[in-house]
Structures are given as structure tokens and as C-alpha cells.
Amino acid sequence: MNLDDFYRGLSFNDYEFLGAKVSDTGTVFRTFAPNAVKVSVIGEFNDWTDTPMNKILNGQFYECNIPEAREGMMYKYRIYRTENDFVDHCDPYGYGMELRPNSASIIRDLSKFRFDDKKWLEKRTDCHGEPLNIYEVHLGSWKTNPDDENGWYNYSQIADMLIPYVKENGYNYIEFMPLSEHPCDESWGYQNSCFFAPTSRYGTAVQLMELINKCHKNNIGVIMDFVPVHFAVDGYALANYDGTPLYEYPNNAVTHSEWGSYNFMHSRGEVRSFLQSSANFWLDVFHFDGIRMDAISRIIYWQGTPERGVNNNAVEFVREMNHGLKKLHPTAILCAEDSTNFIKITKPYSEGGLAFDYKWDMGWMNDTLDYFRQYPWVRTQEYHKLTFSMMYFYNEHFILPLSHDEVVHGKATIVQKMNGDYEQKIPQARAMYMYMYAHPGKKLNFMGNEFAQFREWDEKREQDWDLLKYPVHDSFHRFMKDLNKFYLNTPAFYMWDDDPRGFEWLDCHQEEKCIYVIKRICPTQKIISVFNFGGSEQKDFEIKSGKDVQYKLIMASDMPKYGGNNEYKKKTFKPDKNGIIRLTLTPFSALYFESIPTNP
């Protein structure tokens, strides 16, 4: 282990040295506890009595080899703060843990699994210029297992259900909410107790590897939700690990986060090495295709509050971590959940940026959902909520997220947010989604959105799959499948996402009618999207298109197969001598046309 790199915060592979390492002669245990008086290992192999560890390297690390310790056995480190006062901790670098509320680490041999996803890894990209359509999943509540007391399928079992569903529905990436070990179900994995152990709720590390490998064999990428800001306060985990605040701030003014967890002290080199080794661990050892980093605003600003100023040490940490990760994994996706106006989030390291590939466009999300909450006659006053995003869009590389955060805690689900009664919400949701997919930016939808789930998400209940027996939800589901697949197969919707040439407002000044017209462009294709978000039919609406072109209708939100009542017997529209086509637009409708030259 390179101690200089470790202390300077330059290490990305601490997990190769620290933790429990299985060998032919037993298991070697190593831990970093610089302020401990002494450290022992306790576990199943020694009847939970002390086996003293030896100080190694510079005296701040401890090590011992226990021949009787084998794969699958439980253990803890007994950290002595004085000669007689100790706390038993799980292994910060352990590869497995007991199911909560128990807290022992479990020896895992990760070499037992062999990936065979070489073809996927060789062709994998970070999706710039390519489609990225993400299905966000909470693994414990996508579907529940009637044969398990907690309702959970293991990683291997759920792979055989989830992968066909994702493929059938037109998503090419899955983003899992945090799978690293956490003590409380209600935290959804955002308050971790171990940053190197997949949660035992859904099985073992090897079973998670099987899930990822199966995804890759089916051309599905997998993104891991990663939490570099804070950790669980439970005394058996990272908190006061060596008897002192080793990972957290010693100052109470900044120790606690707004979620009641402990904030990482990103100015410490040892903490930096720990976190970036964890991020690299999931990409390297588990073959995740990317990581989405949670709550980046809390890294940028002290406690996430701009008034407190920029946390320059934390900003520099995430910048250097991303730079190192991209050198190790050039095609991995690094994504920031960030709601701030801080500049250069997705600019390259060489340009002084934070070197993320993408940032969640929280402004687009909030403006869009606020707009659709309004009565149609109020939308005339809020019209430019839907045009504002393009004023800043090319400042960063964006993902448009309709995530788990938008369907919980009294916020209502996406379809419930649509204005009006039940009969009006569904057509508005269809039109809104077609606007989302025509808008530049990669796409992310949380599970349940695809069939218009009305009940807010609850981590203890599976999705309301029974809704699919009702025609309105079945039709909506069919609509979302077709929309997803249309996106994946329509280069104009993704090839020039980050190029101003790829987008044009053909009409964004129909304030009184709430109509918008967008052109998406790439070298091989032009798609015209027309949206009527008003509550009235618009007859003979004019689009200035030019003379040497015709429009072929590709998709419309109000087609009968999607639950609408517009047959669209006319599928091709030619401009008149003045280069104008005229359309009749039903209320709350959206249409896609492909522009085809008549004189190629």
C-alpha cells in the first residue's frame, strides 16, 4: 500500500489492501485506526473473543492472519479507546454484512465469480451522442417476493424478471438506488454503514455480480447510486471509528447533516482515499457502468447552503476523484445530482470543471411539473416555464429526471401532478412525456411512472401492477413503451443533445394557446414536435415549414391505441404554396413528425 498516496488522498484501490482477504492460509484482516490504543478481531472463528492485531506500516494500521477464518464467517473489529474501553465495529472495507438490525461483517471471497461481459465493456460508451434512457429502480419494492418474510427477491432472482421488463419497455440503462449496506430501510440506502458491502437484503456480493453480468449480456448498462456526502450515525459503523472522529468532522457545527447523519470530512486525505476507493470499487470489481453521486450541492456549499460559502476542499476532492475515475474508466458515466447554479459541473478537468459527464436538470424538472400543475388558463401566464430551460441548457450536459424524489412525501406521483380530474390527467401526462423526450437531454424515469401509477412510492410495497388490468393504464403503458423505443431509434433526439445545432424553437410565442413547436435535428434526420398544452381544440394551426418538404406523422399522444380518440387518417402533410401546413390539435396532445424532403 502506498502510504503517501493514502494520506494525500490520491489512492483509488485501498480495498485491495484493507479489509478481510481470503487466502490459502486463512483470512488476513487489516484496518486503519490511527488513534486506537489497540485493536482485536472477534468473530465466529474465535468464539467472539479477542484475537489481537499487530501494528504495521507506520503504526496506524493493524493486521492479523487467522487460519480458522473462512469465507462466510462473521467478524468485527474491537477498537479500544483505552486499555479497557472498547467499541465493536463492522469493517469499513468489508465486502459483506449481516442483515439489519445485526451488524457484523461477513468474510466474502469476490474471486469466486468470473464476469464474461467483455464484449459489453469493449463497446460501452458514456453515451454522449448516443441514447441514454434510464429506468430508476428501488430493488426491494419493484416487485416483492411472497416467499420471503421481508418481501425481497435476491439479486439473481430479480435479474430474470427485471431484465426482460427493461428490454421490453425500451430502457437501455438501469439506475439502482443505493445498494451499499445501510441499517434503516426507510433511508433507501442513502445513509450507509459500509461503503464496500452490497446490502444483504438482496443476497451476496457474488449474486449482485451475477445481476450486473446478466444485464451486460442483454446490452443493458447499470448505474450505481453513490453517497459521498454523509454516512449513518450508528455506533458500530464509521462513527468515531477509532475512538475519535476519523471520517466525520470533529466540529459539531458541521458534523451533522440535515438528514441526521454524519458529514464526511473531505479535507482529510484518508477520507478522500476511502471514498474514491469505494467509487472505484463498484466500477472496477462489480463492473457497474457508472455512478450517480447523491446530494452534490452539499459538497459544493457548506451544509448545502450557498450563504455559507463554497466548501473548496470538498469541491477539489470531487473534482480530483472524477478525474481519477475517468482515467481508470474512460467510458463509465459519472452523474451529479445537483440543484445549484455552480458552474462547470460537467466541464472537463482540463478546463477547471468538476468532470462529471452529466448533471440532473432539476430546474427543468421543477419548471415542467409546476407548469402541468396549473389550470390550462393559468398556463398562459406560465408559458415560458417550458422555454426557460433552453436559455441555460448548453452550459452543462444534462439528464432530465423524473425520479423517486418526485413521487414521495406528499408530492404526489407524476400523473397525479397533472392538473384536473382522472380523465384529464392521463392525456396531459402523455403529452408531457412527449415534450420530455423531444427536449434535449438524456432521460430518467422512476419505476411506476411508465404505467401512470397514482399511489406514491412506498419502499415497503411493490408497484401497483394490478393497474395494468385497467385499459387506461394498459394503454398508457403501451404509449410509454412506444415512446421509449422511438427515442432509442431516433438519432435526432440524442445525437446532437449538446450541440446548439440540434435544437430549434419553430414556435414558442403561442402564449394564449399554450402551443409549442420544436425541431430536433441531426445530420441524418429532422423531427418536428407539436404540443397543445391548452384545454381547447385548435383548428388550422399554422406551421411555417418551407416548400420542399413534407411531414410524416410518426407518433401522436391522442391515438386510440394510447387511450385517445383521434384516428389520424391523414398521415402525410404537405405545405401549401406559402410553405405552411395546417393542423387540428386536440386538447392536451402532442405529435411527432419526420421532416422528409420532397426534392432530395
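This is a predicted model: local features need pLDDT of at least 70, side-chain atom pairs count only at pLDDT 80 or more; totals for chains, interfaces and linings use all residues.
Residues are numbered from 1 along each chain as its sequence is written, and side-chain values use heavy atoms, with hydrogens and water left out.

Let us stay with this helix pair for a moment. Helices here are DSSP runs (H or I, at least four residues), as are strands (E, at least two), numbered from the N terminus. In α9, W364, T368 and F372 meet Q428, M432, Y435 and M436 of α13, a contact being heavy atoms within 4.5 Å. The residues of this contact divide into five nonpolar, two polar and no charged.

A second pair, α3 and α4, also has a right-handed crossing. Here Y155, S156, A159, D160 and I163 in α3 meet Q207, L208, E210, L211, K214 and C215 in α4. This contact divides into six nonpolar, two polar and three charged residues. The table sets out the geometry of both pairs.

| Helix pair | Angle | Axes |
|---|---|---|
| α9 (residues 362-373) and α13 | about 155° | 11 Å apart |
| α3 (residues 155-168) and α4 (residues 205-217) | roughly 20° | within 8 Å |

Axes are lines fitted to C-alpha atoms, for helices over the stretch in contact, and angles run from 0 to 180 degrees between N-to-C directions. By these angles, α9 and α13 are roughly antiparallel (over 145 degrees), whereas α3 and α4 are roughly parallel (under 35 degrees).

The largest nonpolar core has 191 residues, and F29 and Y433 have the most contacts inside it. Helix α13 (residues 422-438) gives the most to this core, with ten residues. A second, separate core of six residues includes C90, M97, A197 and Y236. A nonpolar core is a set of buried Ala, Val, Leu, Ile, Met, Phe, Trp, Tyr and Cys residues joined through side-chain atoms within 4.5 Å.

And where does S529 sit? S529 lies in strand β22 (residues 525-532). S529 is buried, with a relative accessible area of 0%; buried means under 20% with a 1.4 Å probe, protein chains only. Leaving aside residues up to four places away in sequence, S529 touches A438, F493, Y516, V517, I518, L591 and Y592.

Key
Angles under 35 degrees count as roughly parallel, over 145 as roughly antiparallel, 65 to 115 as roughly perpendicular and the rest as oblique. A crossing is left-handed if the near helix is turned anticlockwise from the far one by less than a right angle, and right-handed if clockwise. Ala, Val, Leu, Ile, Met, Phe, Trp, Tyr, Cys and Pro count as nonpolar, Asp, Glu, Lys and Arg as charged, and the others, Gly among them, as polar. Buried means under 20% relative accessible area, exposed over 50%, partly exposed in between (1.4 Å probe, protein chains only).
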